[in-house]
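Please read the following points with the sequence and the three-dimensional structure at hand. They are arranged so that one residue leads on to the elements around it.

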Amino acid sequence: MSRIGKAPIPLPDKVSVILHGLAVTVKGPKGELSRTLPDGVQISQDGNTLVVRPTSETRRSRERHGLCRTLVANMVEGVSQGYTRKLEIIGVGYRAALQGTKLVVSAGYSHQVEVVPPDGITFSVEGNTTVLVSGANKELVGNEAAKVRAIRPPEPYKGKGIKYQGERILRKAGKTGKK
């Protein structure tokens, strides 16, 4: 049995859960998320906690047990606290700005790149070189942060580009020249 799957999911005070078979809907102060879990697991609410159990001892049920528990736990944390990814822009003339809800990035191309956020995602910019991607859905926040990073991934020689905060860029030496 999965060690992660065995752990119950505590529900904060302002979070409510609606279970309808394998469909789970979680509501909280940061929004509402819903997901249909795959076959092989069952979810139940015991007071202020949620418990995910495998329906059988087949390999497929055991594989999905920990996954489903983590997905539901991420939903609960997302609607109660939310998720944020921080990106840093490094390079001369590289910067970001907001136009309404759109993120406009200048990253060394002949044009500016615009990123339109999907529903549930908000962009914010601190000091032209730091972008915050926020939302309740962990998967969506990570995907949108990856799309912003993909505009200009960091290069290994000077480290210019868009990187996650705390990401280490392995640097290369470059040419040494003729002696």
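**Notes on a predicted model**

1. Lys163 has a relative accessibility of 12% and therefore counts as buried, since the limit for that class is under 20%. The structure under review is a predicted model. Lys163 is placed in strand S13. Not counting residues up to four places away in sequence, Lys163 touches Lys86, Leu87, Glu88, Ile90, Arg149, Pro154 and Ile169. A polar atom of the Lys163 side chain also lies 3.3 Å from the backbone oxygen of Glu167.

2. Which residue meets the side chain of Lys163 in a salt bridge? The partner is Glu88, with a distance of 3.1 Å from N to O. Because Glu88 belongs to strand S7 (residues 83-90) and Lys163 to strand S13 (residues 161-164), this pair ties together parts that are 75 residues apart in sequence. Glu88 is partly exposed, at 23% relative accessibility, whereas Lys163 is buried.

3. S7 and S13 run antiparallel and are joined by four bridges. Within this pairing, Leu87 stands opposite Tyr164 of S13. Strand S13 is covered on both faces: Gly161 and Lys163 are buried on one side, and Ile162 and Tyr164 are buried on the other.

4. In what order do the strands of the open sheet lie? The sheet has four strands in the order S11-S12-S7-S13, and their pairing is antiparallel. S11 and S13 are the edge strands, each pairing on one side only. From one strand to the next, the twist averages 25°. S11 and S12 pair over six bridges in the antiparallel sense, and here Ser124 stands opposite Leu132 of S12. Helix H3 packs on this sheet and touches S7, S11, S12 and S13. The direction of H3 makes about 5° with that of S7.

5. The largest nonpolar core contains 20 residues, of which Leu87, Leu103 and Val133 touch the most other members. At least two residues of this core come from each of S7, S9, S10, strand S11 (121-126), strand S12 (130-135), H3 and S13. A second, separate core has 19 residues, including Leu50, Cys68, Val72 and Ala136. In soluble globular proteins, nonpolar side chains tend to be buried together.

6. Leu87 deserves a separate look. Apart from its neighbours within four places in sequence, Leu87 is in contact with several residues, among them Thr129, Val131, Val133, Ala145, Val148, Ile162 and Tyr164. Arg149 and Lys163 are also in contact with Leu87.

7. How many salt bridges does a search of the whole structure find? The search finds eight. One of them joins the side chains of Glu167 and Arg149, at 2.7 Å from N to O. Glu167 lies in the segment after S13 and Arg149 in helix H3 (residues 138-149), so the pair ties together parts that are 18 residues apart in sequence. Both partners are partly exposed: Glu167 has a relative accessible area of 23%, and Arg149 has a relative accessibility of 22%.

8. A further salt bridge links Lys102 and Glu114, whose closest N and O atoms are 3.1 Å apart. Lys102 is in strand S9 (residues 102-106) and Glu114 in strand S10 (residues 113-115), so this pair ties together parts that are twelve residues apart in sequence. Lys102 counts as partly exposed at 26% relative accessibility. Glu114 is likewise partly exposed, with a relative accessible area of 45%.

9. Is Ala173 buried or exposed? Ala173, in the segment after S13, is exposed, because its relative accessible area of 80% is over the 50% limit. The C-alpha atoms of Ala173 and Leu50 are separated by 52 Å, and these two residues are 123 residues apart along the chain.

How values were computed: Residues are numbered from 1 along each chain as its sequence is written. This is a predicted model: local features need pLDDT of at least 70, side-chain atom pairs count only at pLDDT 80 or more; totals for chains, interfaces and linings use all residues. Side-chain values use heavy atoms; hydrogens and water are left out. A salt bridge is a side-chain nitrogen of Lys or Arg within 4 Å of a carboxyl oxygen of Asp or Glu. Buried means under 20% relative accessible area, exposed over 50%, partly exposed in between (1.4 Å probe, protein chains only). A nonpolar core is a set of buried Ala, Val, Leu, Ile, Met, Phe, Trp, Tyr and Cys residues joined through side-chain atoms within 4.5 Å. Contact means heavy atoms within 4.5 Å. Two strands pair if DSSP finds at least two bridges between them. Axes are lines fitted to C-alpha atoms, for helices over the stretch in contact, and angles run from 0 to 180 degrees between N-to-C directions. A polar contact is a pair of N or O atoms within 3.5 Å; within protein, one must be able to donate a hydrogen and the other to accept it, and residues adjacent in sequence count only if both atoms are side-chain atoms.
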